Amino acid sequence: MKKTFIIRAFLLNITLLILVIIYNYININTLDYKITNNYEKIISITRHFHHRYLNAEYESYKIGTYPISGTSNRGVIILKDGTYPKISNDLNDTYHKIIDVLPKDYVKSLSLIMPNAQYVLPLDSENYVINHNQLEDIIKKENIRSSFNAFRDDDITIKNHDKGNVKSQSIILPIYIKRFIEAIFIVDIDISNIDRYVDNYNNEMMTHYEVENNNGLLTQKIKIPYTKDENIYIGLSFFCIIICVLKLYIVIECIYQIFHRVYLLFYQRIMYDSMTHCLRRNVFDMKYKTLNSRSVILFDIDHFKYINDNFGHAVGDKVIIAMGKMLQQQAKKHHLYFRWGGEEFLVLLPKTNKQALLSYAETLRAAVEEMPLLKDRKVTISLGVSEQKQQEHIHQTIYRADMALYQAKQLGRNKSHYL
């Protein structure tokens with residue numbers, strides 16, 4: 001029993017492990033699509049700001065800091081008196097469209113950098129450093145073209161930045177007017193948004209992915225759009241997979257045990273006599289009536305009516321129950337034993353010779369005779385023994401065993417007789 005449990009547990013856990021890994025590995029392409037699709041949405045919103053800028057009206061500003069329209073945030077920084085695009089409404093609208101795609105906590109800032117003006121939303125006034133040469137510095141640092149001869153659609157780029165323990169990504173969109181760069185629009189996002197995509201997908205699909213530092217076993221490289229050499233790797237969390245497998249195993253094992261016990265309960269009631277725990281006679285007709293090469297022992301309790309009449313039916317039931325226990329103790333691995341009638345029992349054995357068969361019958365008879373079941377009186381049994389002949393139906397063998405039992409009774413009871 002213990003060995004069977006260990007083998008079942010091992011095979012089930014290995015099967016579940018393989019299935020969980022396959023399920024996760026199949027779904028990784030969907031996760032790849034979700035991550036890149038979200039980037040494409042943010043980039044599309046960023047590109048649209050370019051068109052808003054080109055169609056913006058201009059107004060005069062003096063040096064100073066002004067609030068962005070629709071907010072209380074002072075995010076328009078004018079470094080030189082002049083005329084500048086009236087773009088703050090569009091910047092605010094773009095910001096809200098982006099946070100519809102990406103939660104607000106992951107959107108660090110939107111910046112529009114011009115030679116003499118900077119639009120920043122939201123503006124961290126305490127940490128924001130005003131740089132009069134910021135446009136030139138970004139052009140140089142990010143290797144952005146100052147002019148172009150023909151329009152190219154791949155000017156937008158995404159760059160990763162590490163500032164201590166803080167990692168961020170910048171979506172950089174240069175804005176050209178009459179072939180020369182006039183401004184740069186930058187969307188800074190927290191790179192941990194990828195972890196958020198992964199966590200959300202895990203919760204939604206019951207998968208177990210995690211962001212890896214490099215390519216390894218069962219990992220997949222996900223190409224972030226509009227990056228040159230920036231890739232992320234999504235792998236399987238084997239710890240989470242093992243926990244998942246164990247949980248599944250526990251659930252399946254509990255369900256198995258429940259159904260197994262229910263099955264055994266009904267199986268026992270259908271197959272076995274409730275008093276003696278021997279097989280029922282109707283089970284013989286269902287499963288064993290076509291047996292070949294068998295030996296048969298048929299016995300009943302001597303003077304059973306006398307026991308019932310003089311000691312009571314409760315004692316009679318006790319004697320019958322004792323017969324069932326005796327058979328369970330004496331039966332071998334391949335023996336089948338049935339409650340054939342009220343006090344009559346049938347034992348089916350593999351084909352054996354007459355001497356061994358009679359010896360086993362005598363063992364049963366002696367075991368019953370030694371039982372202290374009644375006060376001042378021994379309980380005995382008479383046995384009929386027979387062997388199945390070639391081409392003989394098992395019912396014919398049982399019939400001859402019944403005849404042998406009858407003869408044992410005629411010979412004085414408490415005997416075994418072969419026929």
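Buried here means under 20% relative accessible area, exposed means over 50%, and anything in between is partly exposed (1.4 Å probe, protein chains only). We're looking at a predicted model, where local features need pLDDT of at least 70, side-chain atom pairs count only at pLDDT 80 or more, and totals for chains, interfaces and linings use all residues. Residues are numbered from 1 along each chain as its sequence is written, and side-chain values use heavy atoms, with hydrogens and water left out.

**Q388**

Let's start with a loop residue. Q388 sits between β16 (381-387) and α10 (394-410); helices (H or I, at least four residues) and strands (E, at least two) are DSSP runs, numbered from the N terminus. With a relative accessible area of 2%, Q388 counts as buried. Its contacts (heavy atoms within 4.5 Å) include L291, N292, S293 and R294, along with K351, H393 and R400, leaving aside residues up to four places away in sequence. With S293 there is also a reach from the Q388 side chain to the backbone nitrogen, at 3.0 Å.

**Aromatic pairs**

Next, the rings. Those of Phe, Tyr and Trp (its six-membered ring) pair if their centres lie within 6.5 Å; planes under 30 degrees apart count as stacked, over 60 as edge-to-face and the rest as tilted. The structure has nine such pairs, and here are two of them:

| Pair | Centre to centre | Angle between planes | Type |
|---|---|---|---|
| F49 and F185 | 4.1 Å | 25° | stacked |
| F299 and F345 | 5.4 Å | 20° | stacked |

F49 belongs to helix α1 (residues 2-54) and F185 to strand β9 (residues 180-190), so this pair ties together parts that are 136 residues apart in sequence. Both F49 and F185 are buried.

As for F299 and F345, they link strand β13 (residues 294-301) with strand β15 (residues 344-350), distant parts of the chain at 46 residues apart. F299 and F345 are buried as well. Elsewhere, ring pairs join F284, Y288, F338 and W340 into a cluster.

**Helix α7**

Which residues of α7 (residues 304-311) are buried? F304, I307 and N308 are.

Definitions and conventions. A polar contact is a pair of N or O atoms within 3.5 Å; within protein, one must be able to donate a hydrogen and the other to accept it, and residues adjacent in sequence count only if both atoms are side-chain atoms.
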